[in-house]
Amino acid sequence: GDTVAYGLIITSHVADGGAYEVTAEASDVSIGPAADLAIAPQPDDFEARTLSSFWTAANLGTGPTQGEAPTTGSARPSDGMLEITNNGWDQWEADDGMGFVYQTVAGDFDVAVHMASFDPDVNNPWEKGGIAFRQSLDADSAYVSSMASRANGLRGQYRLEQGGSTD
């Protein structure tokens with residue numbers, strides 16, 4: 001089957017830049033029947049001092065100024081948590097900008113992510129963090145995601161085709 005990039009995302013949802021941090025904890029990555037998997041996801045408890053080799057950290061798309069790449073980004077495991085920092089503008093419209101820590105997978109699998117906290121020094125109600133499944137790493141890729149926002153609760157979003165609008 002087709003491969004997808006699945007992983008943890010954050011967006012700052014501001015147009016004027018800055019580094020915004022969200023902390024996420026991945027848990028309960030269970031894998032469906034082996035016959036259904038071409039490339040299996042790897043579980044992680046984030047106890048290591050460095051990011052495990054099966055994860056890739058990336059700054060995707062647009063930074064704090066639309067049309068420019070994100071200027072900050074990091075992913076650091078610590079004490080069972082994964083801290084991701086990025087100043088991408090948002091996962092919205094037809095041009096995403098975000099921090100994305102991902103694995104490439106194919107086949108059926110289940111995954112659960114617990115969003116532990118947002119940086120208390122930032123107070124943007126649409127700052128978001130969660131999990132995404134992307135067709136590619138292009139800024140306008142088709143995707144589906146489930147995210148928590150600071151003040152607007154849980155949100156499911158998707159883009160059905162590359163270059164399409166976000167719903």
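Is Phe54 buried, partly exposed or exposed? Select Phe54 and look: at 29% relative accessibility, Phe54 counts as partly exposed. Keep in mind that this is a predicted model.

**Stop one: the neighbouring ring.** Trp55 is buried, with a relative accessible area of 7%. The ring centres of Phe54 and Trp55 lie 6.1 Å apart, and the planes meet at 45°, so this pair is tilted.

**Stop two: a stacked pair.** Now select Tyr6 and Phe133. The structure holds four aromatic pairs, and Tyr6 with Phe133 is one of them, a stacked pair. Their centres are 5.8 Å apart, with 20° between the planes. Show the strands next. Tyr6 sits in strand β1 (residues 3-11) and Phe133 in strand β9 (residues 128-134), so the pair ties together parts that are 127 residues apart in sequence. Tyr6 is buried, at 2% relative accessible area. Phe133 is partly exposed, at 25%.

**Stop three: the cluster.** Select Tyr6, Phe54, Trp55 and Phe133 together. Ring pairs link these residues into a cluster.

**Stop four: confidence.** Colour the chain by pLDDT. The average is 75, and 72% of the residues score at least 70. Go to strand β11 (residues 153-159): among the elements of the chain, its mean pLDDT is the highest, at 91. Then move to strand β2 (residues 20-31), which has the lowest mean, 47.

Select residues 17-25. Here pLDDT stays under 50, and the model has 44 contacts beyond four places in sequence. Finish with residues 27-37. Their pLDDT is below 50 as well, and this stretch has 25 contacts in the model beyond near neighbours in sequence.

Definitions and conventions: Residues numbered from 1 in each chain as written. Predicted model: local features only at pLDDT ≥ 70, side-chain atom pairs only at ≥ 80, totals over all residues. Heavy atoms only, no water. Phe/Tyr/Trp six-rings, centres within 6.5 Å; stacked < 30°, edge-to-face > 60°. Helix = DSSP H or I, 4+ residues; strand = E, 2+ residues; numbered from the N terminus. Buried < 20%, exposed > 50% of the residue type's maximum accessible area, 1.4 Å probe, protein only. pLDDT = per-residue confidence, 0-100. Contact = heavy atoms within 4.5 Å.
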